[in-house]
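Look at the model first, then read the points below.

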Amino acid sequence: MSDKDKKFDDSKVDETDLKKDTPQNEDDKSITKSAEELGAMKVDDLMEQYDLETSKLRKLSGNTAKLIAIIAILMSAFHLFTAYHGTLLAMKQRSLHLAFAFVIGFALFPATEKSSKTKIQIIDWILMVLSVIVWGYIFFNVKEIALKGGQMSTLDMVMGVLAVLITLEVTRRTVGPELPIVTIVFLLFAYFGRHMPGIFAHRGFNVTRIVSHMYMTTEGIMGTPVGVSSTFVFMFILFGSFLDKTGVGEFFIDFAYALTGSTKSGPAMTSVLSSGLMGSISGSSVANTVTTGAFTIPLMKSVGYKPHYAGAVEATASTGGQIMPPVMGAAAFIMADFTGLPYISIVKAAIIPAVLYYIAVGTMVHLEACKLGLEGMPKESLPKLSVILKKQGYLVLPLVAIIYMLVKQYPPTMAALVGIVIGVVVALVASLIKKDNSFVPKDILSSMEAGAKGAVSVACACACAGMIVGVVTLTGFGLKIAEVIVLIAKGKLIPTLLLTMVASIILGMGLPTTAKYIVLATMAVPAITKLGVNIMSAHLFILYFGVVADVTPPVALAAYAGAGIAGSNSMKTGVQAFKLAIGAFIIPYIFVINPHLIMVDSVVGTSVNWLPVTAALPTIATALIGTICLAGTVESYLFGKLRIWQRLILLVAAFALLDPKLLTDFIGLGAVAVIYITQKLLNKNNTDNMQTA
């Protein structure tokens, strides 16, 4: 085991210590507070080590820190203003959004590992000023640019080249080198088009045409991804920041413990539930893993789960947050813009697959507990559900408000704004009533600062990915890739889906979920829809595989963060997380083959024809049983420990039930019946043999 793997090995929490240190006054019981008292984890340290974005951040102080804080607060204020009064003209909104993001990005993210981590250097100040100039030029000259009709002056050209270069550099700093490298390859493809082989050949474009397309239109850097980042995505990141300040994370964890802590799978089931709840408002798998895992992983270990299994459970549950409504990851908002479908329609379609994912993970951890003979936590050591709801139930009001607003077809930005306002008002009133200073006026400013800083990497990734989309639209590359995929797959759906899945996982080794989704949406989705798949299923398919890359070795960042907390081997934890997330690798194929699983009958333009719930129930029911069978196969346990031949039968049952056909459903249910009967007979024989002995 490496030093990194051993670093947190002292984080084990003994069950007797937990009981000893848990408050006896049930009104004050809080699992999260108990874990903090035990010193189980330091969340900031873990974030710094395992979250790539956090690990790069400078720790500024003095007047410089105040200046950047003011800029971040102004960025949030600008987005709150436009959410209420309406967005500016597209290029104005996006250019100002990028100016803020780039300035903060160059200030907080050093150029290299050797650069100062405590102060902004001269080159950073220069790049910050250039960012203001480059995007300020667009902001103040929108009308003039529109009248030029694509013609570029020398000054336009200088500004455009600078915009491309600083976009690549700020993305390299905030996200990593992979996305800028891919972008450069696409830019070279646009220039050298006439030298490309076969189907990839095109007439090629000169530097002026490329720079004009990237800088002076809404088809390049300021394209759809940045359009979404500057509206929906920023507001929901800010919403998450405000909720975090109100203490909703602690509420989710305590609520989950009260509900599931005493079950056989105890803290593991709590991890699944609390991470799903946290993930529904958090867009980061790693941040979610570290935040909730700091409390759940030590407790999982204390009741008997192996360290690598505990870390994997938390990582898998946290990763699913990006596909869990109502607030899914940033990619879901971009999906709404790409497809033209209302965000609430995407939320509605995503609910059942997301629930099935969590049922699969929850079933596996429960079967693991049964297999190991584990017991849950003593009820007396757990907080009471009624007490938690009475004391902290008000914290979910902002989420309720957002769901209501989305259902009523309000714009997502307005829904997020209302959620923020309600969250602040409720938290301030509760703090005054309790007189505990849990939320004070200065927390509003700190939430605005944290929200803006949290949105920087997404904005930069969207800007860089926008250039990829720009090249695709300029050259028609997307349609060519679609033709190649269909050609390789010989026009068959399953091979096309397999190729798309592999491409997504490979891209997931270097690109963040948002950028990966954008790339695949422009290139792979046309191939899938060409074969008759509706646009909702096609986009959800690539979204799923963009998300599960975080628990897919060899680069499984969420799993490695879980391993760091658990003190386990990173690769072993990654492999286990992959096994626990197996449902996410199967479910997308099901809703592509049969969209009844997402309750979609058909999609015509931007209108979704929904299937009645009663018509979708048979598909949902068999998919649910199939998911449980799949969990039993992975865990080698269902109605008791399974023999190899039983696992094979159960695997057949799982795939048969997941395949939405009447014949396969009968085969699957018959196989489940065989497993049940043979397990009863084997268990009876074992009991008789023991009695005879």
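Lys 435 follows helix H22 and has a positive phi, near 55 degrees. H22 covers residues 412-434. This is a predicted model: local features need pLDDT of at least 70, side-chain atom pairs count only at pLDDT 80 or more, and totals for chains, interfaces and linings use all residues. Residues are numbered from 1 along each chain as its sequence is written, and side-chain values use heavy atoms, with hydrogens and water left out.

**Helix H22**
- H22 has 23 residues and reaches 32 Å from first C-alpha to last, close to the 33 Å expected at 1.5 Å a residue.
- The expected span is 1.5 Å times one less than the number of residues.
- Helices are DSSP runs (H or I, at least four residues), numbered from the N terminus.

**Helix H24**
- H24 (residues 477-488) has twelve residues and spans 16 Å, close to the expected 16 Å.
- Its buried residues (under 20% relative accessible area, 1.4 Å probe, protein chains only) include Phe 477, Lys 480 and Ile 485.

**H18 against H28**
- H18 (residues 330-339) and H28 (residues 535-547) pack at about 150 degrees, with axes 11 Å apart.
- The two helices are therefore roughly antiparallel (an angle over 145 degrees).
- Contact (heavy atoms within 4.5 Å) involves residues including Met 335 and Phe 338 of H18 and His 539 and Leu 543 of H28.
- The contact residues divide into eight nonpolar, two polar and no charged.

Methods:
Axes are lines fitted to C-alpha atoms, for helices over the stretch in contact, and angles run from 0 to 180 degrees between N-to-C directions. Angles under 35 degrees count as roughly parallel, over 145 as roughly antiparallel, 65 to 115 as roughly perpendicular and the rest as oblique. Ala, Val, Leu, Ile, Met, Phe, Trp, Tyr, Cys and Pro count as nonpolar, Asp, Glu, Lys and Arg as charged, and the others, Gly among them, as polar. Buried means under 20% relative accessible area, exposed over 50%, partly exposed in between (1.4 Å probe, protein chains only).
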